[in-house]
Every structure is written in structure tokens, then in C-alpha cells.
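Trainee: I have this one open on my screen. Can we go through it together?
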Amino acid sequence: MPVTTISNMNDSRICVVMVGLPARGKSFISQKILRYLSWLSINAKCFNVGNYRYKAGVIKPDAKFFDFNNPEGYRVREEAAQQAVSDMLKWYEEENGVVAVLDATNSTRKRRDWILEICAQNNIMPMFIESWCDNEKIVETNVIDISTTSPDYEGSDPEESKRDLYNRIACYRDAYETLSLENDNNMTFVKLVNIEDEIIINKIQSYLQSRIVFYVMNIRPKPRTIWLSRHGESIYNVEKKIGGDSLLSPRGVQYSKKLKELVDEHVGDAPLTVWTSTLVRTQQTAQHLPYKKLQWKALDELDAGVCDGMTYEEIEEVYPEDFKARDEDKYEYRYRGGESYRDVVVRLEPVIMELERQENVLIITHQAVLRCIYAYFMNVPQEESPWMSIPLHTLIKLEPRAYGTKVTRIKANIPAVSTYKEKGTSQVGESAADLSKFQKLLVDAPELKN
């Protein structure tokens, strides 16, 4: 029986409307909300008005295009917003959408009143999230990020891109109208002032809205790096057994020493916190790292229940119906007396919330848990996440950005067994076809295409 993480029984459809000047982290927040809700099985989709501008053939416009006194630019931008909202309404009806994120500046009360009217006509609960910022340091960081990653500036000189983006900000600033309790007290909104200096919350009306608010209060749109690693090869890995709390194998001990070298080389003097599970093999793997360490019970490996300590061959022989059921729906299947991948996601939510507040963290944990964490950052579909390849003795570097998450895999070059089980077999070990499929997944991941 699947676990329901958030009930929408008493919630209407929700439209999260982003508000803010350019370079205030709106697209970053939009993508984070989308990723979070999708990870929790909420049907969510982002409608980025800029993408509709691209579809209209307006690619790489200069700052003058965004001047509110430019009638042609204004017309194109309004039509892009109308098309985005039209597609959003269609998505609600045809795909049973629950939460739409309308990503645009939505910088005037006229635009926001229009959105309010559309929502009222279609039984949608609007929820405005404004990222307001006058901290020049934060703005400059965002400008640098956008000028090097946004499709608007692809292939352009970085310095020219920065100047143009600052000019674009100036065009919007002249017409910008911020949200306030004095003028907008009848609306549901959250206003983030300089990310975390002050948070104003007004008229939250549903449980799901409150979950979104709590999540947004925890995210920090600033450069950081998340490092992921499985524990070193364990004795159970060598014996092809799942679960347990075994020690590292001799090669796993080698990896624990090599991991320190990799971290020294790639992290350098940057501050770092190491998170491990409570199981021995992760703590052994982290033993040589000279950083503050925290143990999380929530990072323990997926509980295999009555199958703990068994090989896949033994499970197929003793529990053939369960073996088949897990292959058919690996995300939802729950081991007898144990857990499913969905259960792991539920217990990982506090970890994700705290992770969003941190700067640089190295997480040393287990295959199923890392699949769930990796799926969160990369927006990998749930049905595909349990089949992802997360090999032993590999350090994964994730760099969340405004328009995607950059991934780097650093191999330790220390041999280890493969614990990957293909669908339909009890044998472990990755075939060339599986590896090829996973590489394609990385290339096709929505996060990498934005």
C-alpha cells in the first residue's frame, strides 16, 4: 500500500505566481518548488513565460526590449504571459494538475490582478511568492550566474551580458510594484526580503500552501556544492547480500582513505560538513575526513524487512511473488516488514529541508537513499529513480544553479563489485545497455535542458 505524503483532498488547485525583478532568484525558487513537489508525488509543472517568448521567436533580446515604454516588446511579453496561462489552464484540466508555478517577473499590480481574475474564474487558489532584494552582493552573484547560464546570454561575452542584465533590471524597476500588507492584504502571498532577512506571510489558506511556504522559507538561492558518495565496498556487497550492517571490505577501506584525497583535491579549503547514516559502513568510510560529522538515522539504507541479509537469488527463490512485484513497481513496492522507495522519500524530507539551508555538505550514505536524493536534485521521474546507477567508489559533485544542476562524477579508481540489479533478473552487475540508458537519462533530464 503506497504512502500518501500530502493529501490534496481539501485543497483546490494552486497557482504559485512568482514576483520579482530579474536576478532575484525567481527561476531558482520555481525549479526548487517544482522539484520538491514532484519528489513528493504532487502533480506540479512550471510555466516559464520566458520560454514562451523564445517560442515566439524573440531570442537574446537586448535590455530595450523589456522597457515598458517599448510597445512592441510589451506586446510580445504580454502575449507570452497569456499563452503561458492558457497552457496552464489546459494542463489543469487535461492532466489533473495540482500545482502550477507561473515563473515571470509579474512586476505590476495590473498583471497580478489579471492573474487573480483568471484564477477566480477557474477555481484556482493563487499564491504569490515575491523575492525582493536590495542587497547588491546577492544581486551581483545572481547576475553573474544568469549571465553565464541563461539561454538569453548563451554564447555572449560575460561582461556584456552582465551590463545588459543590469540595464534590463533598470527597465523593470521603473514600473515595479512590490507586494505589501497595506496594498495586498486580501491576497495569499509570501515575501522573501533579501532571501532570509525578513519573511512576510499573508493569508495562507490550505495545507498544501503551508507546505510550500515552509519549503520556500528553507531554500537559499546562493552558490554551493553538494557532494554525494556511497560508503566504500562492504563485506555484504562482496557476498551479494542486501541490507545489514556489515563492515567495509579491504577495498572499501582503501576507498575511505582515497576519499580524503579526493575531497582534499576537489573541495580544498572550503568549509564542509559530512553527513552519514548510523550504519557502520558509512562511518568507516568517513573516518579519515577531518570535518564536522553528523549522523542521520534518516540516511540509513532502505529497510529490506524479512529479506535483510539475503541475496537477490535467495529472495527470488523464497519470495517469488514479492520479487516479481518489486520489479514491476520498484518505487511503490514495500518489502515485507520493511520499506519502499516512497517510504524512504518520506523520511528523507527533513534531511532535504536541512540540506537546503546548508552551504557545502558531503553525504555518505547508501544506494537507495542516494538514488532518492539524486532524483530530488535532478528532477528524475519517480519510476526511473530506483533504477539509476549509483556505483561504489565514486564521488558525485552537484552544483545547483538557476537554470539547472551541474553534475560531475569523480571516480576513485579503486575496484569494487557492482550492486546494480537489472529488471527481470536476480543477478547483479551493470550491462552496457543499462549504463547507456543511465547516461541518456542524465542528458535528457529536465534540469539539464533548462
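Mentor: Start with the rings: F65, F66, F68, Y74 and Y172 are linked into a cluster by ring pairs. Keep in mind that this is a predicted model.

Trainee: How many aromatic pairs are there in the whole structure?
Mentor: A search of the whole structure gives 11 aromatic pairs. One of them is W91 with Y92, a tilted pair with 5.2 Å from centre to centre and 50° between the planes.

Trainee: Are W91 and Y92 buried or exposed?
Mentor: W91 has a relative accessible area of 4%, under the 20% cut-off, so W91 is buried. Y92 is at 2%, so Y92 counts as buried by that cut-off as well.

Trainee: And what about W275 and W296, what kind of pair do they form?
Mentor: A tilted one, at 5.1 Å centre to centre and 45° between the planes. The pair links distant parts of the chain, 21 residues apart: W275 sits in strand β8 (residues 273–276), and W296 in the loop between β9 (292–295) and α11 (312–318). W275 is buried, with a relative accessible area of 1%.

Trainee: Switching to packing. Which residues have the most contacts inside the largest nonpolar core?
Mentor: V16, I33, V99 and I212, in a core of 70 residues. Helix α14 (residues 367–378) gives the largest share of this core, 10 residues.

Trainee: Where does this core lie relative to domain 1 and domain 2?
Mentor: Between them, because domain 1 (14–218) and domain 2 (226–444) both give residues to this core. There is also a second, separate core of 32 residues, with V58, A80, I118 and F128 among them.

Trainee: Back to V99. What is V99 in contact with, beyond four places in sequence?
Mentor: The partners include V16, I14, L37, I42, W91, Y92, L208 and I212. N43, A44 and K45 are also in contact with V99.

Trainee: Which residues of α7 are buried?
Mentor: L208, Q209, R211, I212, V213, Y215, V216 and N218. The helix, residues 207–218, has 12 residues and spans 17 Å from its first C-alpha to its last, close to the expected 16 Å.

Methods: Residues numbered from 1 in each chain as written. Predicted model: local features only at pLDDT ≥ 70, side-chain atom pairs only at ≥ 80, totals over all residues. Heavy atoms only, no water. Helix = DSSP H or I, 4+ residues; strand = E, 2+ residues; numbered from the N terminus. Expected span 1.5 Å × (residues − 1). Buried < 20%, exposed > 50% of the residue type's maximum accessible area, 1.4 Å probe, protein only. Core = buried A, V, L, I, M, F, W, Y, C linked by side-chain atoms within 4.5 Å. Domains from an automatic or database assignment. Contact = heavy atoms within 4.5 Å. Phe/Tyr/Trp six-rings, centres within 6.5 Å; stacked < 30°, edge-to-face > 60°.
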